[in-house]
Structure formats: C-alpha cells, structure tokens
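Thank you all for coming; I would like to walk slowly through one structure this morning.

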Amino acid sequence: MNDERAKTTLAEHDVKQLRDAVAVANVPTLLMVLVQLTGELSWLAEDYRPTRARGLEDNDTGGLADEVQEQIRDAAFEAILAWREGQPPALLDASDELIIEMMTICMGEVVPLDYAPIIKEEIELAHRRAVGQAPAPGHRFDTPRHIGEHGGHGPDMPPAAMTALIIGAGVSGLGAAAHLDQVGIAYTIVDKGENVGGVWQENRYPGCGVDTPSHLYTFSFAPNDWKHYFALRDEIAAYIEGLADDFGIRPRIRFRTEALSADYSEETQRWTVQLRTPDGAIEEVSADLLITAVGAFNKPKMPNVKGAEKFKGAAAHTARWPKEEIELAGKRVAVIGNGASAMQVVPEIAKTVEKLFVFTRSSQWAVPFEKFRKEIPQGVRYLLDTVPYYYAWYRLRLGWAYNDKIHPSLQKDPTWPHPERSLNSINDGHRQFFTRHIVHELGDRQDLLDDVLPTYPPYGKRILLDNGWFRTLAMPHVELINTGVKEITEKGLIAGDGREIEVDVIIYATGFDVVHFLAPMEVRGRAGQALHDVWDGDDARAYLGAMVPGFPNFFCLYGPNTQFGHGGSLITVLERQIQYVMDVIDYMRVARLGAIEVKEEVFTNYNERVDAAHENMVWTHPGMDTYYRNSKGRVVVNNPFKIVDYWHMTRNMDSTEFVTEPDVRAAAPTS
C-alpha cells in the first residue's frame, strides 16, 4: 500500500509536543513503531529486547536500562518526525514470520504463528489511517469465501433489497447498525430504554466502570481519545453515545419500545415482531432480518432471602441504581455480594460511609493492575491520536496480555498432584502470585486471610481486577461477614450466624441472570417452534453464538458461549461476530436468497466441540459453582476456545454450512 501523503514540515510547537510525548511513551510499543517506520531490523537485537511483563502491567520501561530506553526514544522520535514530514514507512508488508518475531520481542514471550493474521490486520488498519483511508464498518482485507460463487450481482443484478430489525441499542446493536448502513440495508432499532448504551445506561452505581483496558473496549472502526486507561461508566457511555451520533444511527432508534415477541413466516420469509410502544399500545412491524442485541447483563438477579420487602431504608440493585442517587455519606450500609460490581462499589463507597458491612458466601480471586483509576498522560494520548502505528502496537500488546496468554493455565492436567488448589503448574503459579498480592494488600489484617483467600483454582470463577477490594476490607470501619444473609428485617439484616445488624441502606451486588438468553421475549421460528423450548429454558446453544437451525434470517449477537472467561474484550469478540453475520447477509443478497439458516449437523457439531472443550477446563472443575453454568451444569456463557481460534472461525462464512431458499418475492408473478 502506497503512502501518498504530501511532504510537510512540522511547526516548532508540534516538534516539541512530539518530543514530550515520546518521552513518556511505552518503550516496547515505541520499539515496534521504530522498526515499522525505519525497517531497521537491528532494533530487534538482544540488547533492545524488552523483558516479559509481570501480571497485567504495561511494562512501560520494557525492563531496559535507562540508557537503552533513551536510545529507543531518541530513534523513535526521529523516525516518527520523519514520517510526520512525509517519509513513508519502510516496513509495509512484513512476512508472517517477521511480524510474529516482532510481537514476540515486543511482549518478551513467545507468540504463536497463527496470530499473524490478527496482528497484520491491525497494522493494515494503521497504514490506512495514516494515509487517510481509514476503513468504515465492515472492512476486511481478504475476500470472503462465498464471493464469486454466484457470479456477483454486477451492474444488471444489484443485490437484493433487505430490511432488518435490531433489538437493543447497546454496543452490539450499534455495531450491527453501522455495518448494515455501510452496505445499504435499511434497519430500525428498538430499545426499551431512553438512550443508547444498554448495560452502561442501566449500571450507574458508584465506581462503575470497565475491567477491560479502554483501548480494547473500542471498535476498530471507531477509535476514541480515552482519558483513562480503564474508563469509568460516564466515559464509556459518552463513547457509545458518540457512536450513535457519529454514524447517524440515533434517528433510526425507537426508544422506550419493548420487543415482546417475534414470529417467522415461512410463506413470506419475514419476521413479524410485536412491540409495546411508549404509550403502552401494541404494534407489529416486519423485517427480512431479525438481529437480537439485548446483551446478557441486563436482568438483575436478586438473592433468595426472606423479608427483603420489609426493609424500611433505601435499597437498590447495582444494575438498577436510581438516577436521583442514594445518600450514603455518614450512613450504615450493607453490601450483599462480592462479584465484579461489588468489587467496584465497595472501595468507592467506603470513602464516605460511616460503617460498611460486606456480606459474602465465598471468596474471589482478583488480579492487581497498575493502571486502575489512572489518567492517560497527555503525551501518550497525543501519540495514540496522531501516530496510527503507535495506536496499533499498543492495542496489540494489550490484546495479547488480556487475551489468550492465560488460556493454557485453564486446562486440566490429569497428572497434576494438587487438583484441590489448581489445575496445572502454570495455574498454580498464578495462585501463588495472586496469594502474595492478597497477603500484601491486607497489611496488618492477616486475620482476614482465611476469609478472603479462595480455595478453588484461579479463574474458576470470573477473574476480577482488584480495585482496592482487599485494602478496603482491612479498613477499621468495614466488616466482612462471610456467613451470608439469613433474613432481612425492617431495620437491617440477620446474618447466617444469627447476628442482627441494623443499617440505613442495602445494596444488592448479586449479579445477573445470564443463562436465560433473550428472556422474557418470545421468539418463534419455523412451524411456530419457540426458541426457549429448543433451549429448554436455560440451555441455550447457537452456532458461533449467533445462529440456530429452524430460525431463518435470525442472528443473536452476544449469544450463548460467546463470553471469553479468560480475558479479552467483549467489543473485539462482537466485532468478529458482527463481521461474520454480515458475510452471511451479504451471501443472501448476492445469491438473492429469501431464507438462510445453519444446518442442524453444523450446529450440533459446533456445540459438541464447545462442550468437549469445556470438560477439560476450569469451569467444570469439581466443586466449581459459577454463573457461567446453567441448572443442568452445562457452561452456557463462556466460550472455551482461544480467541485466535474464534477469530479464524469467523473469518470467512462457508456457504456449505447453511440451508437456503430462493427469495419468494423474486419468484412471485408481477401484475
């Protein structure tokens, strides 16, 4: 790809800004930018190789001596300056082997060769942005397998016109809308809320934020100038609202409109959806394509505790936090739960409450991360915004650290002598590292260690990022009660050990019902077959988490087995899923099909592979009890594969995996 930018000379102010930015940049990232721009492979020599990062740290110095860091910074400054003044990058088309060598050196650990296409796609995005050719939603740099199978549509055979209905205006719904718009498919979004954002509109509790690095929680086609390494709720909501506005999606959203049911007609090959409008009226709309984008973390799960309705004080679930806020300063507050939302809300409210009681029944592993609540330096933001190659390599580093790097530690080793505490030697190493962190955080409150140190293997439940949880539990005005809640009274709670505790506020941080996908909406496919009957209530299954036989032209984003419990960014996974769905839809348009659905044997084989992989993983380890599993013990939330495997699975749609029908409208006689 040619770099056709005009040669320019940077103003003195811009040169100083660049110099200051490089001075605070991440050295391993700069090193890769330096190689990319200059093509000088001598920078990959042993003397310049960063060390392996510990845990989830960014390893900003690369573990290199100060003088080596300065060499890299000085050379990177000159290379970026030359590029900014018009010098094209020297390394535009590296081989798979070289790109993997660069990534391996960048991370200080071996990165497998099958990651090369992912890395090269991110670098290609950087090249295109650098020359002002940033791809729109739906970009791809290879050719889908199905293109050409039907000779293309050509000038005399335009792609068939289609309409789509998207249910949900959260991240996945907006992503789907942006892609549909790019190929000219008319769509409408319905959402029961009053604004875009889904889970980020419903979750407003103190301390609410993302536990994925901000730059991974970002669509590849919509980079953002993040202010924090890990954004809090307001910054994330602003990004999502910006997507709706920047891509012209908002005018096509019907807010305060709930989808009650959806029925497929074999005669018309269309879906009819029953809606409840803002005024309570029932309305029916039809579309060729039905895309559900309702998410999983939208149905709060309340604890089965007697007497909750009796409590006279203020009470709220974290996912239904009132907009008028709850007065917490100087109050006696009880928090029930210790999952992800509790780990965020407890350290935040402990700053102002008079007394805080934390009720738990189990303990949680939590990972230290150095960038919690830290603002991104202005210089780093400048580089991320103006140097696409820095943005690309920074995202690639985050992607490896937070993705498949830990996948091997989740596999059961049948020869491992300590299955009661860990799965294998790597997993046991994580246990030791996390344990040392907990011990350190508790300080002189080691009396709490037995109550907070998990007895199950690391990653057996959703791994959490430590927002100061253990330090907070050690505070003198915070009390951990690990016997759970027996009953709730007018004035407070009765603990499992019989203690009566009076409080002013109860916060339920008890998670979500994530196993009943799409409920309470009813979806009926061929012959009126109900999807929830096919799924037997809480046993949801789908091909690639998106398609179910018997339900033509139906796509479920963030469906069953699409959450990667070992890390990764939900947006990255959604983007792959959306891209795959768009390939299926494009195939329909090119072939002028009226109906398409995945074959039963393809669906069955995929889900058998999912279940077989889970049998060897931590979430089916004896004694594990997690929201990932349904009432039958099956893991329905997590995907067991490596993210790179899912990337390859969704890279190209294979038309032989689908049952199709011609478009009945094309065959219908005209008057």
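Which helix gives the most to the lining of the second largest cavity? Before I answer, please keep in mind that this is a predicted model, in which local features need pLDDT of at least 70 and side-chain atom pairs count only at pLDDT 80 or more, while totals for chains, interfaces and linings use all residues. Residues are numbered from 1 along each chain as its sequence is written, and side-chain values use heavy atoms, with hydrogens and water left out.

The answer is helix H11, residues 388–401, which gives four residues to that lining; helices here are DSSP runs of H or I with at least four residues, strands are runs of E with at least two, and both are numbered from the N terminus.

Let me now turn to the cavities themselves. Rolling a probe the size of a water molecule over the atoms shows where empty space is left. A cavity is a set of points, on a 1 Å grid over the protein atoms alone, where a 1.4 Å probe fits but cannot get out, and lining residues have an atom within 4 Å of a point. Grid points are joined across faces, edges and corners, and a volume is the space filled by probe spheres set on the points. The structure holds seven cavities of 30 Å³ or more.

The second largest cavity has a volume of about 100 Å³, and of the 13 residues that line this cavity, the closest to its centre are Glu 57, Asp 58, Met 107, Arg 397 and Ala 401. Its lining divides into seven nonpolar, one polar and five charged residues, where Ala, Val, Leu, Ile, Met, Phe, Trp, Tyr, Cys and Pro count as nonpolar, Asp, Glu, Lys and Arg as charged, and the others, Gly among them, as polar.

The largest cavity has a volume of about 120 Å³, and of its 15 lining residues, Val 210, Asp 211, Gln 344, Leu 465 and Asn 467 are the closest to the centre. Helix H9 (340–349) and strand S12 (464–465) each supply at least two residues of that lining, with H9 giving the most, at three. The lining of the largest cavity comprises 10 nonpolar, four polar and one charged residue.

Methods. 1 Å grid on protein atoms, 1.4 Å probe; cavity = no way out; pocket = protein on both sides within 12 Å on 5 of 7 lines; lining within 4 Å.
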